[in-house]
Number of protein chains: 2
Amino acid sequence: MSASTPPEITPIEREQRLYERVADKILTLIEDGAWRPGDRLPPERELAQGFGVSRTVVREAVKVLEARGILESITGSGVYVRGPDSSLVSQSLQTYLQLLPDENTEFKIAEIRRVLEGEIAALAALRATPEQRRELQTIYAEMQHYAGSARTLADLDFRFHLALAHATHNDLFSVLLTPLMEQLREYFLVNWDNYGGPLEPVFEQHKAILDAVCSGDAEGARRAMIEHLAFSEKLMRERVAEKARTRA
Amino acid sequence: MSASTPPEITPIEREQRLYERVADKILTLIEDGAWRPGDRLPPERELAQGFGVSRTVVREAVKVLEARGILESITGSGVYVRGPDSSLVSQSLQTYLQLLPDENTEFKIAEIRRVLEGEIAALAALRATPEQRRELQTIYAEMQHYAGSARTLADLDFRFHLALAHATHNDLFSVLLTPLMEQLREYFLVNWDNYGGPLEPVFEQHKAILDAVCSGDAEGARRAMIEHLAFSEKLMRERVAEKARTRA
C-alpha cells in the first residue's frame, strides 16, 4: 500500500457479532427443549451473568429474537418463549415474493398452487369432518348470494380455498398456501372485478370441487380443483397480456 | 373499583408502537417500489424529519427490518434494501417446525414432500438443462463411491433432491422444499447410518429418477420419486416405532 492512501478505519462491530451469538445461543437452548413455548426466560441480569455479556447485549439479542417471532416481551412480566406462529412464515414468504424482481412470479406461484391444491382437494375429500363439509357448503352458498360484489366474492373464494386446506388436517398445507394466495390477492380481486364473462362457470367449478369433497371422491376433487385453477390461470394470462397491450 | 385496590400503573409503550409503525411505513414504500432492492435509504436524520419522529425511533425501525431481512446496514456506508433472500423464508419455516409440539410433524412434512417432489421430478424431466442433468449424474456417481460413509451419503442424497428442485426453473420449489428437508436432516442421517439392509434398492431408486429425468420422461420421473419417498417414509415409520419400543 502506498503512503498516500490513508488506511481505511471502520468500527469493529464487536457488539453486533456478540448479540447475534447470544441470540443463536438462546435459540439453541429453545430448540433443545431447555426452554419451551410459554416458558419465561430468566431475568436479564441472570442471562447477562450466565452468558458473560453485558445486559445491553442480552437486550439486543432478545430484540432480534422478538423480531423473528421466537420471543415475546410482556411489559411488567418478562420475556416468554412464543409458540409456533405460522403467520411469521407467511410474512417472510410474502416479503420474499414482494422483493422478487421476476415478472413471472404470479405464474410460478400458480404452478405451486396447482400441485398443493390438487392434493389438498383430494385429501379434504378423504379427511374433512362433517363440520368442515358444512362450512364449505356455507361459503359456497354465500358466494352465490353475493354474486354482485367483486370484493366479497374474492374474499369468499379465498376462504373456500383455505377451508379446504384446513380440512386436510395437515397444517403445513395452509402454512404454505396462505402466503402464496395472499400474494395473488390483487389478482383475485381484479379477476372478480373485471371478469366480463358469466359467473356460472366459476360457480360450477367451485360446486364440482364441493360435491367431490362432500361425497369423499378424492380423485374427482383433485380433477375439479386442477380444472378450476387452469381456468384462473387463463384469466391471469389474459390480464397480463392486456396490461402489456396497454403499456405498448 | 374499590378504594382498596391500587390502580395498575404500567408503561405506555408509546415508543414501541411508534417504531413498529415506522417499520411498516418503510416496508410499504419498498413494496410500492419507491425504494428497490439495492437502493440506499436516505440518511437517518432525513428519515426522522420525514416521518416526524426521533432518530432513535428510526434506528429501532431499521433494526426490526434488519432482523426480518429486509434492510441491511453497511458500516460507514448506509442502510440498503436487500434483495429477496430465500434463506430467511427457510429460517422462519424451520423455526416454526421446531417449535411445533406435534409428534407427527415428520409425517406431515413427508406428506408435503411427496406432493412437491413428485411434481419437481416431473418438471425436472421436462426442463433440466444438459448441465443440470450432468450434475445429477455426478451426484449419483458420488453416492456410489461413498457408499461406506453415512454422513456423506446423507449429504449427497440431500443435494440430489435439491438439484432436482433447481432443475424445475421455478425457485419457489426449492424455497419451500429446503426447510422441509432441513427439518428431516436428522432422519436422513439416522436412516443412512442405521440402515441395516442392502444399499442397492436405495441406489436403484435414485437411478430410476435420474434415468427418467435424463430421458425427459416426466411421468416416469414422478412415479420413481413417489416410490422412493414411500420407501423413505417406511424407514421413518420403522425408526419411530423402534424409538417407541425402546422407551416402553
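**Exercise 1. Determine whether Gln132(B) is buried or exposed, and find its place and its contacts.**

Step 1. Gln132(B) has a relative accessible area of 16%. Buried means under 20% relative accessible area, exposed over 50%, and partly exposed in between, with a 1.4 Å probe and protein chains only. Gln132(B) is therefore buried.

Step 2. This is a predicted model, in which local features need pLDDT of at least 70 and side-chain atom pairs count only at pLDDT 80 or more, while totals for chains, interfaces and linings use all residues. Side-chain values use heavy atoms, with hydrogens and water left out, residues are numbered from 1 along each chain as its sequence is written, and chains are lettered from A and ligands numbered from 1 in the order in which they are written.

Step 3. Gln132(B) belongs to helix H6 of chain B, residues 130-145. Helices (H or I, at least four residues) and strands (E, at least two) are DSSP runs, numbered from the N terminus.

Step 4. With neighbours within four places in sequence set aside, Gln132(B) touches Arg127(B), His166(B), Ala167(B) and His169(B). Contact means heavy atoms within 4.5 Å.

Step 5. The side chains of Gln132(B) and His169(B) also form a polar contact at 2.9 Å. Such a contact is a pair of N or O atoms within 3.5 Å; within protein, one must be able to donate a hydrogen and the other to accept it, and residues adjacent in sequence count only if both atoms are side-chain atoms.

**Exercise 2. Describe the backbone and the exposure of His169(B), then do this for His169(A).**

Step 1. His169(B) sits in the loop between helix H7 (150-166) and helix H8 (171-183) of chain B. Its phi is near 60 degrees, a positive value in a residue other than glycine.

Step 2. His169(B) counts as partly exposed because its relative accessibility is 42%.

Step 3. In chain A, His169(A) lies in the loop between helix H7 (150-166) and helix H8 (171-183). Phi of His169(A) is positive, near 60 degrees, and a relative accessible area of 41% makes this residue partly exposed.

**Exercise 3. State how chain B is related to chain A.**

Step 1. The same surface serves both copies, as 100% of the contact residues of chain B recur in chain A.

Step 2. The superposition is by least squares on the C-alpha atoms of residues with pLDDT of at least 70 in both.

**Exercise 4. Find which residues have the most contacts inside the largest nonpolar core.**

Step 1. A nonpolar core is a set of buried Ala, Val, Leu, Ile, Met, Phe, Trp, Tyr and Cys residues joined through side-chain atoms within 4.5 Å.

Step 2. The largest one has 101 residues, and Leu164(A), Val213(A), Leu164(B) and Val213(B) have the most contacts inside it.

Step 3. Beyond four places in sequence, the contacts of Val213(B) include Ala121(B), Leu136(B), Leu164(B) and Ala221(B).

**Exercise 5. Summarise the fold of chain A.**

Step 1. Chain A has 11 helices and 2 strands, in the order α-α-α-β-β-α-α-α-α-α-α-α-α along the sequence.

Step 2. An automatic or database domain assignment supplies the domain bounds: domain 1 covers 18-81 and domain 2 covers 87-247. Their centres, taken over C-alpha atoms, are 39 Å apart.

Step 3. Of the 248 residues in chain A, 47% are buried.
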